[in-house]
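Trainee: Good morning. May we go through the chain interfaces together?
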Amino acid sequence: MIEQQLSILLVVLPLLAAPIIAVINRSSIAWAMTLSVTVCCLIMSVWMLSGVVDGSVIHYELGGWAPPWGIEYRIDTLNGLVALIVCGIAAATALYAKRSVEQEIPKHQIPMFYCAFLLCFLGLLGICLTGDIFNLFVFLEVSSLSSYALIAMGRNRKALTASFHYLVLGTLGATFFLIGVGLAYGATGTLNMADLSVRLPQAVDTHLVNTAFALIVVGVALKAAIYPLHLWLPNAYSFAPSVVSIFLSATATKVAIYVLIRCLFHVYSVEYVTNTLLPQLLIVMGGVAVLYGSMRAIGQTGMRKMLAYSSVAQIGYMIMGIGFLTEAGLTASLIHLFNHALMKAALFMAAGLFIYRANTATFENIKGLGREMPWTFAAMVIAALSLIGVPGTVGFVSKWQLLQAALEENHWPMVVIILVGSLLAIIYVWKLIEVLYFQPREKMRVTGVASGSENIGRSPISMAVTLWILALSCIYFGINTELSMDTAKSAVEILFAADGGQR
Amino acid sequence: MIEYILGHINYWIIIVLMMIGLYTMMSRPNLIKKMVGLSVFQTGVILLYISMAKVTGGTAPIVAEGFTTYSNPLPQVLMLTAIVVGVATTALGFALIVRIKEAYGTIEEDELEMMDNEE
Amino acid sequence: MSTSTLMIIAMLLPLFGALVISRLNKAPNIREVITIITSASLLGIVIAIFNQLSQGNVERIVLAEPFNGIAIAFSIESLGMMFALVASSLWLVTSIYAIGYMRAHHEKHQTRFYALFAIAIAAVMAICFADNLFTLFLFYEVLTLSTYPLVTHSGDEKAKKSGRIYLGVLMGSSIGLFLLGVLLVWHFTGSLEFTDGGIVDGKIPAYWIAPVYALFILGIGKAAVMPMHKWLPAAMVAPTPVSALLHAVAVVKAGVFAILKVTLLIFGPDTIVESGANHWLIWLPMLTILLASLVAMTKDNLKERLAYSTISQLSYIVLGAMLANSMGLLGGTLHIAMHAFGKISLFFAAGAILVTLHKTKISELSGMGRKMPFTFTVFLIGTLSIIGLPPFGGMWSKWYLALGTIDFTGPDFTRWALLGTLMLSSLLNIAYLAVIPVKAFFGKIELGQEIKAKEAPLPCLVGMAIPAIICLILFFYPEPFYSLARAATLSL
């Protein structure tokens with residue numbers, strides 16, 4: 001019973017906290033509230049997931065209106081897992097944020113920063129939990145609008161143009177999604193996703209259904225930065241404040257991919273998708289994304305931009321898994337969703353620490369910094385090894401699953417591409433490691449920090465500890481895969497079940 | 001044929017509207033014009049929903065004696081939300097443009113790109 | 001103590017040692033005492049495990065199970081036991097030697113060096129005890145990563161470049177080929193367990209066996225079968241004790257050990273013979289033996305010449321595995337131990353020469369043997385053992401390898417080519433290795449070279465003497481290695 005209330009509390013809690021933070025307008029209170037809210041949400045999401053991992057489904061009817069008329073929150077294993085990822089990363093980011101935000105954001109903007117952060121968090125959670133497709137659109141816009149604002153707070157003025165581009169493209173994607181939803185509504189007369197999945201196959205006007213499908217997919221693909229619709233991502237992630245790039249890189253695209261999975265496998269059915277061009281398209285785009293993203297990552301001269309392009313490549317792996325349209329493929333995608341969130345967050349946190357010390361993360365300015373910050377460097381190496389997919393880390397688990405799935409379908413070109421992707425990852429990861437460890441330390445070019453400032457001397461404990469928690473979990477979940485693997489498997493089973501998840 | 005076009009005249013207009021918006025967004029380097037295009041595009045979608053909800057011969061969806069056919073109220077309610085979202089997006093976009101003007105001194109995209117590449 | 005407890009201690013002890021060592025930067029004496037105590041107790045524990053094994057107490061530990069049916073598990077069998085004995089005993093010897101070397105050579109970052117060394121040994125122990133292919137693969141990668149900082153120890157441009165080659169070749173081959181091989185085995189058989197007689201028989205289509213086996217031979221880059229050999233000469237920029245223990249014993253032997261395990265326990269020699277995979281794949285190690293010997297002759301840098309000699313000798317073991325008959329496998333397995341003791345003597349001698357004479361070029365060593373008779377005697381013993389002459393241990397492995405080639409079931413031409421290769425290679429060995437001590441003892445000292453040479457520091461001499469003496473002992477009494485190798489290949 002109590003799990004039902006949890007589903008709505010998860011959204012309501014940050015929704016209440018955000019305006020309170022804005023009204024109180026004190027930076028230390030803002031941080032404390034953000035941390036406590038995200039930690040509470042994390043605990044609740046763990047609780048909720050434990051309630052649905054066995055395959056049961058939680059329903060919550062908003063305002064007591066029965067679905068399909070009212071809005072329904074519907075939590076099964078799939079969105080339970082994604083909600084856990086979002087909450088976990090948000091809590092880690094909040095723990096990490098204090099000192100980094102103090103340094104990067106002007107003091108008077110800090111409360112508003114946390115307010116926007118909570119709104120973004122709330123939007124992403126809402127996308128995960130809602131069972132109503134229009135409600136999903138609204139949450140999509142809530143999270144997007146706040147993330148545009150967050151990105152624009154970056155110190156480099158390029159953050160502004162990056163944010164504007166993201167705004168234009170993001171709105172375009174969301175609007176496409178909205179048209180698709182409208183057409184689906186026109187064909188079926190319902191907005192509830194469970195109800196849609198029943199009525200779509202019965203719809204008379206197949207043209208309408210097909211058009212809706214295409215528009216929804218394109219809209220979501222823009223949000224998920226699927227190649228070739230990834231153009232907004234590299235700049236947005238590399239010029240945003242460190243805390244924002246940590247949070248968005250680990251959650252925003254993941255949630256968009258969740259929406260894609262939800263729409264393909266639940267709203268529409270596997271049988272429907274099989275008969276379209278989409279699976280082949282997804283596989284090819286995934287493969288191209290892996291190669292293109294990795295190649296571009298090798299060519300970058302800044303740590304964050306390199307990580308951003310690596311994200312494009314990693315999204316490619318997830319898309320490929322979805323494109324296989326098999327249980328094994330989708331399981332691999334979901335596990336990678338979870339694992340990639342861990343490692344990318346850890347890597348961006350390390351970048352954040354370098355920025356904290358050197359004020360920038362371009363290769364030229366972080367030369368030899370690894371020797372001065374051995375702990376940060378070591379944690380970064382662990383996360384970077386995950387990115388390559390070294391056995392014993394999370395990256396290996398997902399790649400192994402994906403390779404399995406590709407072999408099952410005899411997709412030999414994809415097997416080769418996955419392995420080549422790993423090899424390319426070695427190159428860019430090692431480029432980073434060499435810069436940090438082997439290049440001689442040059443005189444630190446510090447701008448904007450008073451001389452003798454203690455920032456230069458040491459890294460804040462809270463930031464380093466959070467980084468290490470994530471780095472160690474990269475290893476822990478690489479060896480003990482119970483949580484990620486079992487949850488993903490159970491989620492996939494529900495999606496592939498004969499009744500298409502009607503419960 | 002002519003009947004098909006005339007019968008769906010509202011949809012044709014909406015499509016033309018949306019294409020105008022999309023084209024403006026893509027072809028104009030001026031950021032404000034881009035926002036205008038985006039708004040027009042969004043308005044097209046709002047009209048799409050509204051015209052879908054119209055039932056021939058239906059009245060405003062208020063329960064009253066003597067009326068049995070009503071227009072579908074749900075899309076209209078949805079569009080209220082969408083309008084709010086659209087206004088927020090436009091406001092945020094303009095706020096960003098103001099900041100860009102302050103930081104770069106221009107709002108022409110080609111000039112912005114040139115300045116970004118110089119760095 | 002039970003076998004499983006002992007095994008866990010054997011893997012954790014070096015790690016613990018590394019932890020303690022890394023804290024003792026300020027107290028070099030205590031640090032080195034700790035290193036020696038750790039390595040000595042590791043040897044003791046490995047011997048205790050050996051006793052357990054000979055009493056038949058075999059246990060299996062499952063650490064975790066990341067995937068259904070694929071566990072991180074450890075157990076002990078003869079082949080792994082032999083490798084563990086070789087690695088742990090030579091770690092002790094190397095530790096003694098390293099004390100003299102690192103101090104006399106004024107290396108920097110000595111603490112980091114000792115700590116990483118211990119971590120690498122822990123990875124080697126885990127490889128020895130690996131119970132399935134997945135565990136083996138996991139620690140194979142850990143070993144690559146933990147030795148990378150040792151290769152780039154000096155941190156200069158040359159070390160960085162070598163580090164790139166080292167990592168590029170080893171990680172590239174293991175992820176691009178080895179992993180693919182593991183994956184294919186899992187895909188076809190649904191198991192990665194080491195099983196007597198192999199697991200693939202009848203499960204992998206016959207035409208797939210040769211390609212998959214080739215993936216392993218080339219993918220296990222640590223075995224340095226050409227063209228995957230480039231990393232080994234590159235790794236010679238590391239300090240000599242690293243080259244000695246890791247790049248003549250632990251790392252490279254981990255590679256051939258993996259190949260032997262795969263041949264014996266994944267494919268099964270019978271399957272390989274039936275499929276005929278080895279008829280043409282055996283040319284790879286054969287060519288490597290010859291080509292590496294030829295390249296070695298052109299190298300004037302002493303350590304590089306030794307590296308190419310290692311490449312050639314490693315292919316003997318791979319060749320033994322590919323012969324896939326009892327004699328060949330016995331010879332190959334035995335060669336792991338015999339070559340280890342011989343080659344480490346050579347490296348120690350080379351290190352001693354570097355420390356005292358500061359010379360790395362072979363051409364400069366003429367006549368130096370009269371100044372450093374002890375060092376060059378050790379070098380000579382190592383050379384003779386590697387060539388395979390009595391009365392040194394190296395003879396036995398070569399002997400069984402030769403017997404194995406006679407039993408080879410492939411085409412006659414290949415069999416003669418194999419025998420010819422073994423003969424020719426021994427001659428080449430004499431030409432590029434034996435020439436060094438001979439010139440050192442009997443050559444003329446060049447003008448301007450009359451330096452007051454003395455022998456290396458005492459710890460170095462002690463460290464050098466032990467493996468050289470063992471080389472001699474192994475000829476008369478090749479136990480326990482012979483019985484272990486015998487037991488490993490007995491199933492045939």
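Trainee: How many residues does the contact take from chain B and from chain A?
Mentor: The contact, meaning heavy atoms within 4.5 Å, takes 36 residues from chain B and 27 residues from chain A. Please note that this is a predicted model, in which local features need pLDDT of at least 70 and side-chain atom pairs count only at pLDDT 80 or more, while totals for chains, interfaces and linings use all residues. Residues are numbered from 1 along each chain as its sequence is written, chains are lettered from A in the order in which they are written, and side-chain values use heavy atoms, with hydrogens and water left out.
Trainee: What area do chain B and chain A bury between them?
Mentor: Buried area is the accessible area (1.4 Å probe) that two parts lose on being put together, summed over both. For chain B and chain A it is about 2900 Å², with 77% on carbon and sulfur atoms. On the side of chain B, B:Tyr49, B:Leu92 and B:Leu96 lose the most area to chain A, together 17% of what that side buries.
Trainee: Turning to chain A and chain C, how many salt bridges are counted there?
Mentor: The count is one salt bridge, that is, a side-chain nitrogen of Lys or Arg within 4 Å of a carboxyl oxygen of Asp or Glu.
Trainee: Which residue forms a salt bridge with C:Arg164?
Mentor: A:Glu434 does, and the closest N and O atoms are 2.7 Å apart. Between chain B and chain A, by contrast, the count is zero salt bridges.
Trainee: How many residues are in contact between chain A and chain C?
Mentor: There, 29 residues of chain A meet 32 residues of chain C.
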